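Visitor: Could you walk me through this one? I'd like to ask things as we go.

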Amino acid sequence: LKHAGAFTDGGRLKCRARCGLIWTFLIRWAMTVLTVGAVYVGLPVTTLRPLDEANWGRLITLLGRACFLMGLGPWIFATLEAMLLVPRRGLQGVVQVLFVAIVSSPFGFATFFLYNFCLQVTSCF
């Protein structure tokens with residue numbers, strides 16, 4: 001994070017490369033913090049009190065559903081991008097569409113989170 005400003009400075013990197021670096025080194029950490037909050041706070045709380053208007057009110061219920069739909073955005077857009085690039089990539093593009101659809105899905109994201117959590121627990125010992 002110390003050198004985050006270097007990602008947007010002038011240089012020979014193209015826009016796609018800059019966006020990839022910003023995603024990899026900055027936004028991913030913010031999303032990890034949100035995921036940890038959702039898993040360790042949101043999941044136990046909503047398990048005890050389901051997300052409906054009777055328990056939480058209309059605003060919290062609406063925001064919870066909106067956050068869920070916004071979470072589907074990266075999955076949909078990543079899969080659409082892979083589908084749009086199939087004609088250029090050929091058979092490799094078809095395989096990539098399947099891989100992107102699985103890995104960027106909510107199930108794939110949860111699996112990746114669980115894998116990272118296991119790595120963190122293992123590194124403690």
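**A charged pair and the overall fold**

Guide: Arg58 is exposed, at 63% relative accessible area (exposed means over 50%, buried under 20%, partly exposed in between, with a 1.4 Å probe and protein chains only). This is a predicted model, where local features need pLDDT of at least 70, side-chain atom pairs count only at pLDDT 80 or more, and totals for chains, interfaces and linings use all residues. Residues are numbered from 1 along each chain as its sequence is written, and side-chain values use heavy atoms, leaving out hydrogens and water.

Visitor: Which residue does Arg58 form a salt bridge with?

Guide: Glu53, with the closest N and O atoms 3.8 Å apart. A salt bridge here is a side-chain nitrogen of Lys or Arg within 4 Å of a carboxyl oxygen of Asp or Glu.

Visitor: And is Glu53 buried or partly exposed?

Guide: Glu53 is partly exposed, with 45% relative accessibility.

Visitor: How many salt bridges does the structure hold?

Guide: The structure holds one.

Visitor: New topic. How many helices and strands are there?

Guide: Six helices and zero strands. Both are DSSP runs numbered from the N terminus: helices are H or I with at least four residues, strands are E with at least two.

Visitor: What box do the C-alpha atoms fill?

Guide: Roughly 50 × 40 × 35 Å, along the principal axes.

Visitor: How much of the protein is buried?

Guide: Buried residues are 12% of the 125.

Visitor: What about contacts between residues at least 6 apart in sequence?

Guide: Of those, 30% join residues at least 24 apart; a contact means heavy atoms within 4.5 Å.
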